[in-house]
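Colleague: I'd like to go through this one with you and ask where the labels come from. Can you put it up?

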Amino acid sequence: MPKPKGKTAASEPPRKLAMPRPRAAAGAKRKKRAARSRYSPADVHEIFRRFSVQRPEPKGELQYLNPFTLLVAVVLSAQATDVGVNKATRPLFKLADTPEKMVELGEAEVGSYIKTIGLWRNKAKNVIALSQALIAEHGGKVPAEREALEKLPGVGRKTANVVLNTAFGESTLAVDTHIFRIGNRLHLASGKTPDEVERAFLRIIPPEYLRHAHHWLILHGRYVCKARVPECWRCVIADLCKYEDKTASDPAPLVRLDEDEDEPASAAQK
Ligand code: SF4
């Protein structure tokens, strides 16, 4: 039976006219399903409360001097480790910590500093192009608006989210490989794409924890809920986690971690 479409359905028998209704109902049902989490609001609250006790002031591991160098570092970090990016940017940022200085340095010179980073040729182009755009359109300053950020060369939603969160204190969540894995593995915020996972997390994270959720989740994924073998034995949310293959059900002691208690060596597995 051909499916009724748009105006043509109006000339068809009533039975056919009725067909779109179940589809609409199914859509609503799908929407409802997407919003449902396997965790109660109290459980989600408890998960983030524990993360907040472990790391009251979590910080990302990319090194930067100001919003501009943060933006450049995040652009360079696509498909690269924070450790590798820091190694390249340390000498680069000594020479160029503003868009003007970066443009003056030029694409070839920028390229010579970032050669150890994947896709460096394209990234060097983008760093110069975004520096030029910042000078031409924003007076050499990094804009604090998502729309303006996403118009810059080499800047997508994830980069904009990191800059808005880290440089401007906005409660955004940039879904990287760790956050994507945690959302799906734990059935906490499932989704087929980073955007879906971002939306799912934003629906469930209590507002008071949204500001730091990005860093808590990345650090939890990088050091504990690792990609190949999660280290459930030292996980503070092991009792709440709904991953079918977790290897512990008792939570690790909830203590505040100093920054050097993380495992710097593991950062290379970003
Ligand atoms: S219990 Fe294991 S799988 Fe669950 S969050 Fe902790 S480390 Fe990850």
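**Labels and cut-offs**

Modeller: The chain has 13 helices and zero strands, where helices are DSSP runs of H or I with at least four residues, strands are E runs of at least two, and numbering starts at the N terminus. This is a predicted model, so local features need pLDDT of at least 70 and side-chain atom pairs count only at pLDDT 80 or more, while totals for chains, interfaces and linings use all residues. Residues are numbered from 1 along each chain as its sequence is written.

Colleague: How do you know that the span of α13 agrees with what it should be?

Modeller: The expected span is 1.5 Å times one less than the number of residues. For the 17 residues of α13 that should be 24 Å, and the end C-alpha atoms are 25 Å apart, so it agrees.

Colleague: What kink is there in α13?

Modeller: One of about 60°, centred on Ala213. The bend is the angle between axes fitted to the seven residues ending at a residue and the seven starting there. Ala213 is also among the buried residues of α13, as are Trp216 and Leu219. Those buried residues pack against α3 (41–54), α10 (157–166), α11 (177–185) and α12 (194–204).

Colleague: Where does the kink in α5 lie?

Modeller: At Thr89, shortly before the proline Pro91, and it is about 40°. Thr89 is buried, along with others including Val85 and Leu92. The cover over the buried residues of α5 includes α4 (67–76) and α7 (107–113).

Colleague: Last one: which residues are closest to the ligand?

Modeller: Cys225, Pro230, Cys232, Cys235 and Cys241, out of 13 that surround it; the test is a C-beta atom, placed from the backbone, within 6 Å. The shell divides into 11 nonpolar, no polar and two charged residues. Ala, Val, Leu, Ile, Met, Phe, Trp, Tyr, Cys and Pro count as nonpolar, Asp, Glu, Lys and Arg as charged, and the others, Gly among them, as polar.

Notes:
A residue is buried if 20 or more other C-beta atoms lie within 10 Å of its own, exposed if 12 or fewer, and partly exposed in between; C-beta atoms are placed from the backbone. Two residues are in contact if their C-beta atoms, placed from the backbone, lie within 7 Å.
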